[in-house]
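Please consult the sequence and the model alongside the points below.

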Amino acid sequence: MEIILNILEYSAAIIFSEFLISSFASMHNSCLHFVENLFGRDRKSLQKNGSKGNIYHEKQVKELCALHALNNLFQEKNAFNKQILDNICHSLSPDNLVNPHKSLLGLGNYDVNVLMAALQLKGYEAMWFDKRKDPSNIDFSKICGLILNVPSEMKFLPLRLNRKHWIAVKEIEGTFYNLDSKLENPVAIGKVPDLISYLREQIRGKDREIFLVVDQDLDRNSLWKKEPRWNETYSMPTPLNTSSNRINSTVALIHLSSEEETGPRHNRNSQSDLERDHKRS
């Protein structure tokens with residue numbers, strides 16, 4: 001009898017838990033449909049987006065900035081859509097009732113994992129830019145474009161939510177453009193020197209990240225230009241003559257290079273020279 005009661009209790013617990021899960025899923029779907037109807041301006045808004053001259057520029061809808069950044073980067077209206085990005089979210093976390101890679105309300109707000117997976121579908125990858133480097137070291141002729149992740153404030157009724165915003169930067173006909181979906185129109189950044197200055201400003205900002213979009217077959221080492229080196233000669237000032245001896249002026253040759261190459265090596269040489277002099281003495 002006790003065994004039968006245990007089986008019944010276990011069955012009831014399973015049935016109750018499944019009921020809760022299905023009820024929660026139904027409520028969640030109902031909320032998504034409500035939000036979709038409340039903010040469902042996807043088709044109308046995307047139909048208004050289009051080219052300005054030779055530039056395709058999607059404007060912001062809901063929290064779909066990642067979708068807009070991808071389409072603006074590839075300059076294609078149908079490069080990606082919301083359903084593709086949602087499917088990527090599900091493939092990344094198939095067993096999660098609430099997907100961690102997008103907004104709970106289904107408005108978008110896709111994270112970097114979705115963005116990287118989407119780029120891979122097109123044969124590209126997103127390389128995180130180490131902000132300790134200077135953007136002038138990038139060979140911009142070898143990248144498809146850039147995607148920036150910057151802080152943004154979203155107004156939702158009386159609330160203000162702090163979010164991260166995706167922005168595409170693309171070279172079009174020799175000029176780099178800021179294709180931010182929150183802009184009314186694309187904004188020309190300029191040539192490579194102007195882009196370097198723009199990226200330096202972004203690096204100095206807080207909570208900002210830069211991703212280089214590159215072909216999957218690209219040799220990563222070839223993306224970085226070699227550090228420039230200079231040779232400089234100068235004359236040391238001639239000390240005053242003394243009665244005991246005369247010191248001639250010297251000419252020093254300085255090789256300027258990165259600290260990674262010369263700093264530690266120079267220190268080791270200096271240390272070995274000191275040890276060698278000490279032994280001689």
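Which residues of α3 are buried? They are C65, A66, L67, H68, A69, L70, N71, N72, L73 and F74. The model is a predicted one, and its protein chain holds seven helices and ten strands.

**Overall composition**

- Of the 281 residues in the protein chain, 33% are buried.
- The protein chain has an accessible surface of about 18800 Å², and carbon and sulfur atoms contribute 53% of that surface.
- Among contacts in the protein chain with a separation of 6 or more, 57% join residues 24 or more positions apart.

- Helix α3 is mostly covered, with ten of its ten residues buried.
- Q75 follows α3 and has a positive phi, near 55 degrees.
- N72 is located in helix α3, which spans residues 65–74, and N72 counts as buried because its relative accessibility is 0%.
- The N72 side chain reaches the backbone nitrogen of E58 at 2.7 Å.
- Beyond its neighbours within four places in sequence, N72 contacts Y56, H57, E58, A168 and L179.

**Nonpolar cores**

- The largest nonpolar core has 31 residues, of which L70, L73, F80, L85 and W166 touch the most other members.
- Two or more residues of this core come from each of α3, α4, α5, β5 (159–172) and β8 (209–215).
- Helix α3 supplies the largest share of this core, namely seven residues.
- Setting aside residues up to four places away in sequence, L85 touches L67, L70, F80, Y110, V114 and A118.
- A second, separate core has 22 residues, including F129, V150, Y198 and I203.

**Salt bridges**

- The whole structure contains eight salt bridges.
- E184 and K59 form one of them through their side chains, at 2.9 Å from N to O.
- E184 lies in the loop between β6 (175–178) and β7 (187–190) and K59 in the loop between β2 (55–57) and α3, so this pair ties together parts that are 125 residues apart in sequence.
- E184 counts as exposed, at 56% relative accessibility, whereas K59 counts as partly exposed, at 30%.
- K82 and D86 form another salt bridge, in which the closest N and O atoms are 3.1 Å apart.
- K82 and D86 are separated by about one helical turn because they are four residues apart in helix α4.
- Residues three or four places apart in an α-helix point the same way, because the helix has 3.6 residues a turn.
- K82 is buried, at a relative accessible area of 19%, and D86 also counts as buried, at 13% relative accessibility.
- K82, D86 and K102 are linked in a network of salt bridges.
- The side chains of K142 and D139 also meet in a salt bridge, at 3.8 Å from N to O.
- In that pair, K142 is partly exposed, with a relative accessible area of 33%, while D139 is buried, with 15%.

**Nonpolar surface patch**

- L97, V98, L104 and L105 form a nonpolar patch on the surface, and together they have about 320 Å² of accessible area.
- V98 is placed in the loop between α4 (82–92) and α5 (112–121).
- V98 counts as partly exposed because its relative accessible area is 35%.

Definitions and conventions:
Residues are numbered from 1 along each chain as its sequence is written. This is a predicted model: local features need pLDDT of at least 70, side-chain atom pairs count only at pLDDT 80 or more; totals for chains, interfaces and linings use all residues. Side-chain values use heavy atoms; hydrogens and water are left out. Patches are made of residues with over 30% relative accessible area and no salt bridge: like charges are joined within 9 Å, nonpolar side chains (Val, Leu, Ile, Met, Phe, Trp, Tyr) within 5 Å. Accessible areas come from the Shrake-Rupley method with a 1.4 Å probe; for residues, only the protein chains shown count as cover. A salt bridge is a side-chain nitrogen of Lys or Arg within 4 Å of a carboxyl oxygen of Asp or Glu. Buried means under 20% relative accessible area, exposed over 50%, partly exposed in between (1.4 Å probe, protein chains only). A polar contact is a pair of N or O atoms within 3.5 Å; within protein, one must be able to donate a hydrogen and the other to accept it, and residues adjacent in sequence count only if both atoms are side-chain atoms. Contact means heavy atoms within 4.5 Å. A nonpolar core is a set of buried Ala, Val, Leu, Ile, Met, Phe, Trp, Tyr and Cys residues joined through side-chain atoms within 4.5 Å.
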